Amino acid sequence: MWGRTRWWTIKNVAKLGGSGFWTVEFTDFWLGDQFCSLVYTLSNLYFVGCFYTRYFPSPPSFATSAPTPTNNNWGIYFVLGTLPFLARFVQSIRRYYDSRLSTHLINAGKYGMGLIYYFFYYYWRHQGNLDRGPSVVVWCLTATIYALYACAWDFLMDWSICKPHARYPLLRPELVYTTQIPMYYFALISNLLIRFIWVLYIPERGPNLTLRTFIAALLEMLRRIQWNFYRLENEHLGNMDQYRVTREVPLPYHFDTGNSNGEDEDDEVDGDEDAVGTSWLRRQLTRDSKKMSQEMEET
């Protein structure tokens, strides 16, 4: 990365550590959401540190490697993996404090539910993954609630799809990627399926849990990449609707162009302006400015 890009990344990642102390902007919560898909990577920072501290430069074979979070120190794995969820929870509370919009509390509830889900997930793995008693039941219950909660927020808020009376069912009236309509439906289905990827851990037979965890983490990263396209599309459309991104803003009144003076000049101006493809508002302003200059010359 370029020097400015590295500094931008370091600065905004550092801001996540101080979430809640200042106003939350789009970059802050967007970057926090990226880290929420890196639970596997963040949680294994502890494993990597312990492994290289103990065995470097002569690492053992895979079969005799350091212990996994199913055995020891599962609380450290949980804390490292869920730091982004905690940061987003605090950001949502701060956004509610600044705006008093209840939607931010609902969003905070989503990240709070994510914290609960990962707590019971790591606790279940601490039991050895073979426990089919209360711990796995509570984990499956919280995982189902979190998956439905997060998926509904993805569709209704982050992507703003599932709108009634849309040209394409289950989408929204305004779309940016109009030539890629099937991809919207692919994203809708794949997002729902990957939100329930936790069911991959349930079968007792099959690949070992380490491989399953890696596959689930990889799919979650791919889901986040896909999520980014439609999240940024929705943000762009929202900015246009609120005139935060526009070249012209409609005025709340009309120009009085009913005077008979200078009609020929108006027609001439119209022809010149249309030739260069300027907007209606600019033509109106040009006509008015010429009329004002003529009045000033007459006086």
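I began with R88 and, leaving aside its neighbours within four places in sequence, found it in contact with F29, G32, D33, C36, N107 and Y111, where contact means heavy atoms within 4.5 Å. I then placed R88 in helix α5, residues 74-99, helices being DSSP runs of H or I of at least four residues and strands runs of E of at least two, numbered from the N terminus. I noted R88 as buried, because its relative accessible area is 2% and buried means under 20%, with exposed over 50% and partly exposed in between (1.4 Å probe, protein chains only).

A note on the source: I am reading a predicted model, in which local features need pLDDT of at least 70 and side-chain atom pairs count only at pLDDT 80 or more, while totals for chains, interfaces and linings use all residues. Residues are numbered from 1 along each chain as its sequence is written, and side-chain values use heavy atoms, with hydrogens and water left out.

For the chain as a whole, I recorded 11 helices and zero strands, and buried residues make up 37% of the 299 residues. Among contacts between residues at least 6 apart in sequence, I found that 65% join residues at least 24 apart.

Next I looked up helix α7 (residues 134-158) and helix α9 (residues 209-241), which pack at an angle of about 30° with their axes 10 Å apart; the axes are lines fitted to C-alpha atoms, for helices over the stretch in contact, and angles run from 0 to 180 degrees between N-to-C directions. That makes α7 roughly parallel to α9, a term for angles under 35 degrees. On the α7 side the contact is made by D154, M157 and D158, and on the α9 side by R223, W227, Y230, R231 and N234.

W227 came up again, since the charged end of R224 sits over its ring, 4.5 Å from the centre; this requires CZ of Arg or NZ of Lys within 6 Å of the ring centre and within 35 degrees of the ring normal. I also found the charged end of R100 over the ring of Y96, 5.5 Å from its centre.

Last, I turned to the aromatic pairs, of which the structure holds 26, a pair being rings of Phe, Tyr and Trp (its six-membered ring) with centres within 6.5 Å. Y111, already listed as a contact of R88, belongs to one aromatic cluster whose members include F85, Y117 and W198.

Conventions. Parallel < 35°, antiparallel > 145°, perpendicular 65-115°, else oblique. Phe/Tyr/Trp six-rings, centres within 6.5 Å; stacked < 30°, edge-to-face > 60°.
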